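Reader: I should like to learn how to read the features of a structural model. May we work through one together?

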Amino acid sequence: MAVAAAQKNAIEHVLQALLSVTGARKRQLAAMFRQLVDRDEWAEYYELIPAPRCLDDISANVVNNKYDDPLDVFTDIHLVFWNAMWYNEPESQIAKDAKELKNIMEREWRASTELPWPRSTSPPPDAPQRVHKNQKEEEEEEEEEGKAPRFPPTASVLSQEADADSETNQHGHHHHRHHHGHHHIRRVADQTHGYSDRARVADSAREVENVHIGVAPVITRTELSPLEKRLIHHLENSLPRWPGFSESGWMHDVDAERHTEIVHIIKSYKDIIGNRVAVSLEDIPNDASIPSTSTTSHATLKEIETRAKGRNYHNSQEFDVDMVSLFQRARRWHRTTPDAYGRVILLQRLYQALTSQEPPSAPYSSTTHFAALRAGPGSVRPVNAGDAHVPGVEGVTFASVPTRNRTPFDVVHYKGLELRVGDWVHLSNPDDPSRPIVAQIYMCWMAEENASVKKGQQGITVSWYYRPEQTYHPISRVFWENEVFKTDHFVEHPLTDVLEKISCQFTSRYIRGRPRAPQWYPGFALYVCDSHYDDFARRFTRISDWAPYVPAAVRNDPLPIFSFEQTIIPPRRITPFAQGRPSGGGVTGGLRAAYGSETVALLAAPSDPGPNDEPNTSSQASSQQTSFTDRSLLTFAGYTPQSTGYRIEKLPQETVMHFDHDPETNEILWFSAPPMATPRAHAPKRSIEYLHFLAQKKKKAV
């Protein structure tokens, strides 16, 4: 049977894509592969190449319906480039062009929804790479191809393979039908396992990569394949969109002048060194396309200011919706730029403080970035430390969920969000706004009499999940992309600390699909958790049974997901400390030293500021940063900043990232001068035994 018309068009598209590839000076890369080489001039070529192929002959055969199976076309196109890569030197231009075109062909073929997946991307049986190889290599390759698949297939793949087998039995022969690439994505609600799923698939993934703590990392997956990206994209595009904010939880009505005042505070707020923070809200293009926001408000800060000054808001809720929608768009626009993202979070937390029942008064400054807590993950004292002398801020977290003087609620509303037990949220981080706290809600409450907070105040009690940079770990440890770790810290947060709803999946489900609504919507942040982290022992423990690690109210509820068509293992990432991202954690090694001690003594002669000079805010900025060890030479010699006029500043991360770090302590390798050009001492030419022999010989001669 000839190739279907739709498949023929798809094949012609692949061929046209190859012919359109150009290199330097608009050189057509496929030109050398359109015709077969001359048989008379290149007789040796036909002796070494068992199955010559060219693109023009393949195209003509497709047009004339000479192929019965589109995979035969794939094999012939593959042969064109395999032949060239075999016959020519690896460093020759034609071999490089062949390799590039082969990769483009495979990518274009897989991108088509009409074409079946290739049987293999290795050289076909007629390729010279196989014809001319020795028997040992062939046996090794056959053994490799005969191995079981790396991960078990999903239910949909198994069902389609069963259909193919039944079709083979009915007709008495096999039709070479390959269903690993599918024409559509089916959303399968997977409800077969609850939190007690033991993550057998995740276990096999970890065993395959064979990554152990303390062993040099071997990262085999640094990014998803094009197919995996496409499968994720297709699934997420088919999921329901976020319905938007609800009508509850908005700010109470205030005077219209207060709207203008709030906008002015947000717009004019400056950080400690005098930079205006609202630039991160203003640099979003008016026509910016931000997918999955699902909000009807797209007002810019300037438009909100104009409406507030013109008293065009009928009530405070309309104003609140516009501002919250602006922060949502800014968070997603700056998601990949930590500095700008952190400024957006800082302004959002300031805005939520200004619209609370007890707004702060001027001047608007905070050592906790307006967060309600005194310290965040990585900076608090471990709850299971007992009487041990362990650094960290005390009294912030608890070892269990506190319930005294708290009236529990099934749901609380804040800024259009419905928060329930089991939901995941981003919370304001007092240490670093660019890294919001990842947490799961264990209790929604209202404060009673004699509580530590004002009576009637609503809040949530959550369990913190630490990011990799908030843990202490060996420099060799690698992490899943977007991985977080369950901890024993339970914390009470007021609703003003809530930034947005997110979601987190345990590994066994993260690799199989995406959460169903309302647990997650496309565009929401999504994390993966595989282990529990003990911040006192600085130990990671793989979690096989998740039931004890989630709220009791949702422990027996299934976690339905929309399944991928195949298991997708997330990429690996090296320790964030190798990239200069300290945030309360550190690396463990021989010294078990905490990261974050990159300091340099800046010699500055004391001088009286002039009448028009701005006050020096550098020392103020450094005083509000997380404390770090002073390793400067002057301090070691006994001098102090007060006696010498110098100051200690922490190197900015954009500087730290360009320097090497100590492999054990992760401290930056910072030297005051280049190494001295001293001659190297010569190694001894005689052993001690030989010198002793000479001494004895000389003594006997005397």
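The dialogue below moves from the whole chain to single residues.

Reader: Which general figures describe the protein chain?

Author: One begins with the kind of model and its overall make-up. This model is predicted. The secondary structure of the protein chain comprises 21 helices and 19 strands. Of its 702 residues, 45% are buried. Among contacts between residues at least 6 apart in sequence, 72% join residues at least 24 apart.

Reader: What is the average pLDDT of the protein chain, and where is confidence lowest and highest?

Author: The predictor's confidence is given for each residue, on a scale from 0 to 100. The protein chain averages a pLDDT of 77, and 71% of the residues score at least 70. Confidence is lowest in strand E18 (residues 599-602), with a mean of 31, and highest in strand E5 (residues 424-427), at 97. Over residues 134-216 the pLDDT is below 50, and this stretch has 129 contacts in the model beyond near neighbours in sequence. Residues 590-628 also stay under 50; the model has 73 contacts for them beyond four places in sequence.

Reader: How does one check the length of a helix, for instance H11?

Author: One compares the expected span with the distance between the end C-alpha atoms. The expected span is 1.5 Å times one less than the number of residues. Helix H11 (residues 256-268) has 13 residues, so it should span 18 Å; its end C-alpha atoms are 19 Å apart, which agrees. Helix H21 (residues 688-701) has 14 residues and reaches 20 Å from its first C-alpha to its last, close to the 20 Å expected.

Reader: Which residues of H11 are buried, and against what do they pack?

Author: Burial is read residue by residue, and the packing partners come next. In H11 the buried residues are Ala256, Arg258, His259, Thr260, Ile262, Val263, Ile265 and Ile266. They pack against helix H12 (279-282), helix H13 (301-309), H14 and helix H15 (338-354). At the N-terminal end, aspartate 255 caps H11, with a side-chain oxygen 2.9 Å from the backbone nitrogen of glutamate 257.

Reader: How many residues of H21 are buried?

Author: The count of buried residues among the 14 of H21 is zero, and this helix is hardly covered.

Reader: Why does arginine 331 count as buried?

Author: The test is the relative accessible area, and buried means under 20%. Arginine 331 has a value of 6%, and therefore counts as buried. This arginine is found in helix H14 (residues 316-333). Leaving aside neighbours within four places in sequence, arginine 331 is in contact with Tyr341, Val344, Ile345, Gln348, Leu499 and Glu500. Its C-alpha atom is separated by 9.5 Å from that of arginine 343, which lies 12 residues away along the chain.

Reader: In which helix is arginine 349 found, and what does this arginine touch?

Author: Arginine 349 is found in helix H15. Its relative accessible area is 4%, so arginine 349 is buried as well. A polar contact of 3.1 Å joins its side chain to that of threonine 496. Not counting residues up to four places away in sequence, arginine 349 touches His369, Phe370, Ala371, Ala372, Ser428, Thr496 and Asp497.

Reader: How many aromatic pairs are there, and how is the geometry of a pair read?

Author: One reads the distance between ring centres and the angle between ring planes. The count comes to 21 aromatic pairs. Phenylalanine 33 and phenylalanine 81 form an edge-to-face pair, 5.5 Å centre to centre with 75° between the planes. This pair links distant parts of the chain: phenylalanine 33 lies in the loop between helix H1 (5-19) and helix H2 (43-48), and phenylalanine 81 lies in helix H4 (residues 70-87), 48 residues apart. Both phenylalanine 33 and phenylalanine 81 are buried. Phenylalanine 319 and tyrosine 351 form a tilted pair, at 6.4 Å centre to centre and 55° between the planes. Phenylalanine 319 is in helix H14 and tyrosine 351 in helix H15, 32 residues apart. Phenylalanine 319 is buried at 0% relative accessible area, and tyrosine 351 is buried at 1%. Ring pairs also link Trp242, Phe245, Trp250, Tyr521 and Phe524 into a cluster.

Reader: How many disulfides does the structure hold?

Author: A disulfide is a covalent bond between the sulfur atoms of two cysteines. The structure holds zero disulfides. Cysteine 54 counts as buried, at 1% relative accessibility, and cysteine 444 is likewise buried at 1%.

Technical notes:
Residues are numbered from 1 along each chain as its sequence is written. This is a predicted model: local features need pLDDT of at least 70, side-chain atom pairs count only at pLDDT 80 or more; totals for chains, interfaces and linings use all residues. Side-chain values use heavy atoms; hydrogens and water are left out. Helices (H or I, at least four residues) and strands (E, at least two) are DSSP runs, numbered from the N terminus. Buried means under 20% relative accessible area, exposed over 50%, partly exposed in between (1.4 Å probe, protein chains only). Contact means heavy atoms within 4.5 Å. A polar contact is a pair of N or O atoms within 3.5 Å; within protein, one must be able to donate a hydrogen and the other to accept it, and residues adjacent in sequence count only if both atoms are side-chain atoms. A disulfide is a pair of cysteine sulfur atoms within 2.5 Å. Rings of Phe, Tyr and Trp (its six-membered ring) pair if their centres lie within 6.5 Å; planes under 30 degrees apart count as stacked, over 60 as edge-to-face and the rest as tilted.
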